[in-house]
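Please follow this explanation with the model open beside you.

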Amino acid sequence: MRRRPTFLLSVLAFGFAFFYVPILSMVVYSFNASRLATVWGGFSTKWYGALFANKQVGEALLLSLKIAVVSSTIATILGTLAGIALVRFTKFRGRTLFSGLVTAPLIMPEVITGVSALIFFLLLASWIGWPVQRGFTTITLAHITFSMVFVTTIVQARLLQSDRAIEEAAMDLGSRPWQVLWDITLPVISPAILSGWLLAFTISLDDVVITSFTTGPGSTTLPLLIWSKVKLGVTPDINALATLMVLCVGIGVIIAGVVMNRAEARRLADERLAYRSQA
Amino acid sequence: MAEFLQIEGVSKSFGPFQAVRDVTLSVAQGEIFSLLGGSGCGKTTLLRMLAGFEEPTSGRIFLDGRDMAGVPPWSRPVHMMFQSYALFPHMTVEANIGYGLKHETLSKTQRAERVREMLDLVQLTPFAARKPHQISGGQRQRVALARALARQPKLLLLDEPLAALDKKLREHTQFELMSIQARTGVTFIVVTHDQEEAMTLSDRIAVMDRGQVQQIGSPTEIYEYPVNRFVASFIGSITSFEAEVMARDGGALRLKVPAFGGEVTTKDANFAPGSKVTLALRPEKLVITKERPSGNAVQGVVKDLAYFGKDSLYRITLASGALVQAHAVNQHRGTETQRVADWDDQVWLSFDPAAAIVLGA
Ligand SMILES: Nc1ncnc2c1ncn2[C@@H]1O[C@H](COP(=O)(O)OP(=O)(O)OP(=O)(O)O)[C@@H](O)[C@H]1O
Ligand SMILES: [Mg+2]
């Protein structure tokens, strides 16, 4: 006897609803003419206008982007090097300890990471007089330390499944180890490095917890701004801002999907070509 | 004159495990030398020591009179063709072949010229702009070969160069490899676990087992005069019997073979009377007849018969219960009635005294 998995289906539907209904209602209410976030007062795009006129939002967005670009780039460089060292130089002292240290921040509660970064900066300030004031630099440093481990993990996974023999082949053909790294290893793992960078970028862009511990007066990132505005009550311009962010993320996901589909289709076409032209 | 490549007492251990044990051999310039052995016998490890990826635990390697100890892979005049080909996936065929040339003092045009020559040699000119994943397995194999040859190494190491190809392509490529070797004059060391491949390609073969070299010799020497049971059974097939030396008379031995229920005469080796030996017979050296022939002969019943077209394999049970394999060429065209023997026929097996192999027990 077959039974419809009614229970499973309803759980699934409920789960989806739980995730998407709030986002959908946020989008709908961003076009609300009423001042009150919870009362529908007709269609209007005035909150978007208000948003673009708001200098504070623009500044926060710029700061967030600046921090995200700088921190994810530095995190990618350091994280990639750490990943390569962990996979390729298997026999250095303290390797096990080091690889444990790299993965620990992945499961560390963000509050702990944030507090410890704050305490560290305070101590530094009292020892060497720097940082006088927390802001862009301290936020960026904190973001680097915790997003780096994500890059390391991705690079490590990619390297573990890549063929060691191609590096040996390059060495065999006359290249010294650092040349092999530049000519062969880095180009081959470049997709992993790119996705590591993207991950670090998004993590930095939407971080609230660690940023709030390491920020100072005058340095408000976009997520911090939203957070502080919401504390004073949800206003429709927040809905508009969040809707724009959803739109950006959505477009990004769609572009990534299309690019990946294209690459896959090209690979298949290439393979067919190879077999047709078999000598 | 010293040999071109000399390996002296080389061993390699990974922790407590000895992958290569006390290997001593030498290879002449321009030779195709094969390392033949089963999986895990240390062939790749030996090759990697020649290429410089592993340092021998003990022993020394001389190339052209120069001690290779401590010389890193990038400064050895030795190139390797990897078992997996190890092509650079992000470079075109042309760039793959030209990669090693950037370490030579060549002008741009000289470099391009060399790459063109190599593409020509392996007949891949139309595919120069393709990436490795856009060409077939056989073409990849040729790119790997061209890349390893581009810097004109003194010694080329090939790790199972044909293992990834199908049977037809493999046979074709074997001859291609040989002709390329003849044209370039580079010394080849080829690792393989395929005995037919080793026999076809090589000037000389080293048969390895569990890290040790068992025998070094030409294909004929190894096939016809194996020095021990491992080599005899690894190369070609064989049926072996326990035997005891009864008498020795000049080059001839009288052997008592319990499985035959009698004595046979052979020509091999110098064993003293009374010593226990192994009598090994290759299937194609046995002659099947209905009538009793003179000389070494033993009677049996055809138990099984496999028809291969050009020849047939017979499995014959002796009176003692022992099973012997014998090949017979199908000289006559026709149906079953034309066969030398059929199922359940009583037959005689005979062999020439010089055709039998006698080995230490
Ligand atoms: N880096 C290593 N560490 C430990 N053991 C190793 C290492 N490399 C090889 N071995 C061991 O040494 C033995 C010989 O390995 P090798 O790769 O030389 O075999 P092979 O003759 O090339 O076999 P195959 O025909 O399967 O390629 C194997 O038992 C293998 O497990
Ligand atoms: Mg091997």
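On a 1 Å grid over the protein atoms alone, a cavity is a set of points where a 1.4 Å probe fits but cannot get out, and its lining residues have an atom within 4 Å of a point. This is a predicted model, in which local features need pLDDT of at least 70 and side-chain atom pairs count only at pLDDT 80 or more, whereas totals for chains, interfaces and linings use all residues. Residues are numbered from 1 along each chain as its sequence is written, chains are lettered from A and ligands numbered from 1 in the order in which they are written, and side-chain values use heavy atoms, without hydrogens and water.

The largest cavity is lined by B:Ile7, B:Leu25, B:Phe33, B:Leu35, B:Leu46, B:Leu50 and B:Ile189, and this lining comprises 7 nonpolar residues, with no polar and no charged ones (Ala, Val, Leu, Ile, Met, Phe, Trp, Tyr, Cys and Pro count as nonpolar, Asp, Glu, Lys and Arg as charged, and the others, Gly among them, as polar).

Around ligand 1 there are 13 residues (each with a heavy atom within 4 Å of the ligand), of which B:Ser39, B:Gly40, B:Lys43, B:Thr44 and B:Thr45 come nearest. By class, this shell holds 4 nonpolar, 7 polar and 2 charged residues. Oxygen atoms of ligand 1 lie 2.7 Å from a polar backbone atom of B:Gly40, 2.8 Å from a polar side-chain atom of B:Lys43 and 2.5 Å from a polar side-chain atom of B:Thr44.

How values were computed:
On a 1 Å grid over the protein atoms alone, a cavity is a set of points where a 1.4 Å probe fits but cannot get out, and a pocket is an open set with protein on both sides within 12 Å along at least five of seven lines; lining residues have an atom within 4 Å of a point. A polar contact is a pair of N or O atoms within 3.5 Å; within protein, one must be able to donate a hydrogen and the other to accept it, and residues adjacent in sequence count only if both atoms are side-chain atoms.
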